[in-house]
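Hi there,

Here is the structure I promised to pass along.

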Amino acid sequence: MIEGGAYGPALEAQLKPHGMTLRHFPQSFEYSTLGGWIATRSGGHFASLYTHIDDFVESLRVVTPRGVMETRRLPGSGAGPSPDRMFIGSEGILGVIARAWMRLQSRPTFRAGASVRFADFFAAARAVRAVAQAGLYPSNCRILDPQEAFNTGAADGSVAIMVLGFESGDHPVEAWMARALECCADHGGTKEEADAAEAHLAGAAGLWRNAFIRMPYAREFLTPAALINDTFETAITWERFESFHDSVKAATERAILDATGIRGEVTCRFTHVYPDGPAPHFSFHALGRHGALLSQWQSIKDAASDALLDAGGTITHHHAVGRDHRKWYDRQRPELFAAALRAAKRELDPQAMLNPGVLIDP
């Protein structure tokens, strides 16, 4: 059992001597806690199979204003709706996650990585679909559109890049990598030459990895320069992805022009992939005006969020709802579910003390 207040680095440091890992690494890993990950349905770094914290929760101990609730430790159960699931993603409105039994894994000892170039972003997306539907479950299977690849130094802006990786604590993974590269070649992908065991740290993959780690700190120097920079992520099924991508990107570009009077930039990458669809992650960059940066950002964010829902996507895949996304979450969820959630909150938090205004109104 792990305390809910354990920060990511401390948690992994205690597991390492035992050869174990939780293997959940959100971008906020250094500054966030296990309880926070569970409450927000955190998405980790790994691209497939175990993508969210949900996959690792075995049981919970939750403190609510009406009392303490502890769920039973089981590998699985068909006994009605899961009480754990009610608290996973509840964002602090129902109780405080005090402790959790978590499913651990052996630390990886076998790795293989590669970078693959594609002349076309949608061709790269079709290759990702093939890999996802082949049941290979790569640890990394991200694609960067040409502009995203250029911005991170992974390529020169003329090609899309796939960052591909496999790892295991039990067996060599070269066979899985070989099959994934066959899927890429079927869609025009060309592998960069690099040592497979170190490819995740070298070439385009290494350049992107370093840029990804630095991303959370970018606002420290972009905002003083009046540069508006933000990301938003979603998920959509494969057959709708290409039209979805084009409509969301176009709507965001129009919003930047309307808000600032200057053409901006919208890029896309995949963060997570599933057999039935990807999780596209968009970034936008705009030159704003000091004194109006917040209102300019908000108008761009609003337009992008409207476009996500209008095109059939989700308002968030792994960034949680909070207050930024609340208006669109209200549109996305069924109203009858909202009524049921309000009833659960009234029972567990009758005075509406916990995180008011998040997910539902009291």
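Before the rest, some housekeeping. This is a predicted model, in which local features need pLDDT of at least 70 and side-chain atom pairs count only at pLDDT 80 or more, while totals for chains, interfaces and linings use all residues. Residues are numbered from 1 along each chain as its sequence is written, and side-chain values use heavy atoms, with hydrogens and water left out.

The sheet

Strands here are DSSP runs of E with at least two residues, helices are runs of H or I with at least four, and both are numbered from the N terminus. Two strands pair if DSSP finds at least two bridges between them.

A hairpin links β3 to β4 through two residues. Val63 turns up in both pairings: Val63 stands opposite Val96 in β5, and its bridge partner in β4 is Val68.

Strand β3 (residues 57-64) is mostly covered, with six of its eight residues buried. Buried means under 20% relative accessible area, exposed means over 50%, and partly exposed lies in between (1.4 Å probe, protein chains only).

A helix pair

Helices α4 (residues 121-133) and α6 (residues 174-186) have axes that come within 8 Å and cross at roughly 145°. The axes are lines fitted to C-alpha atoms over the stretch in contact, and angles run from 0 to 180 degrees between N-to-C directions. From α4, the contact is made by Ala127, Ala130 and Val131, and from α6 by Ala180, Cys183 and Cys184; contact means heavy atoms within 4.5 Å. By class, that gives six nonpolar, no polar and no charged residues. Ala, Val and Cys are among the residues that count as nonpolar.

Asp349 lies in the segment after α12 (335-348). Is this residue buried or exposed? Asp349 is buried, because its relative accessible area is 1%. A polar atom of the Asp349 side chain lies 2.9 Å from the backbone nitrogen of Leu354. Leaving aside neighbours within four places in sequence, Asp349 is in contact with Pro65, Ile93 and Leu354.

Two backbone angles to look at

Most residues other than glycine have a negative phi. Leu49, in the loop between α2 (34-39) and β3, has a positive phi near 70°. Leu49 counts as partly exposed because its relative accessible area is 42%. Ala352 also has a positive phi, of about 55°, and lies in the segment after α12. With 23% relative accessibility, Ala352 is partly exposed.

Happy browsing, and do write back with any questions.

Best wishes

Technical notes: A polar contact is a pair of N or O atoms within 3.5 Å; within protein, one must be able to donate a hydrogen and the other to accept it, and residues adjacent in sequence count only if both atoms are side-chain atoms.
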